[in-house]
Amino acid sequence: MLCPCGCRRILHMNLLTDERPCWRLTRHEDGTVSLHPSVWRKKDCGSHFWFQHGRVEWCRAE
């Protein structure tokens with residue numbers, strides 16, 4: 001997926017359970033999907049967000 005911050009980086013999330021880090025993709029009855037856990041880019045743009053029911057929910061910096 002493209003990073004939702006607009007930096008145009010392509011993000012790759014591993015779905016293979018025997019490798020780390022690993023995300024879980026859930027398909028919902030309404031046709032949307034969610035990723036778990038959150039996606040956190042620790043370099044470049046530093047984006048940190050959840051992808052829930054097809055929507056990006058940004059994590060707030062504390």
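These legends describe close-up views of a predicted model.

Residues are numbered from 1 along each chain as its sequence is written. Local features need pLDDT of at least 70 and side-chain atom pairs pLDDT 80 or more, while totals for chains, interfaces and linings use all residues; side-chain values use heavy atoms, without hydrogens and water.

**View 1. The whole protein chain.** The chain has 0 helices and 4 strands, where helices (H or I, at least four residues) and strands (E, at least two) are DSSP runs numbered from the N terminus. The C-alpha trace spans about 35 × 30 × 25 Å along its principal axes.

View 2. Strand β1 (residues 24-27) pairs with β2 (residues 33-40) in the antiparallel sense over 4 bridges; pairing requires at least two bridges found by DSSP. Thr26 has Ser34 of β2 as its bridge partner. Between the strands lie 5 residues, and Gly31 of this hairpin takes a positive phi near 90°.

**View 3. The largest nonpolar core.** Its 8 residues are Cys3, Leu11, Met13, Trp23, Leu35, Val39, Phe49 and Phe51. At least two residues of this core come from β2, and at least two from β3 (48-52). Such a core joins buried Ala, Val, Leu, Ile, Met, Phe, Trp, Tyr and Cys residues through side-chain atoms within 4.5 Å; buried means under 20% relative accessible area (1.4 Å probe, protein chains only).

**View 4. Surroundings of Leu35.** Leaving out residues up to four places away in sequence, Leu35 touches (heavy atoms within 4.5 Å) Met1, Met13, Leu15, Trp23, Arg24, Leu25, Trp50, Phe51 and Gln52.

Note on methods
Buried means under 20% relative accessible area, exposed over 50%, partly exposed in between (1.4 Å probe, protein chains only).
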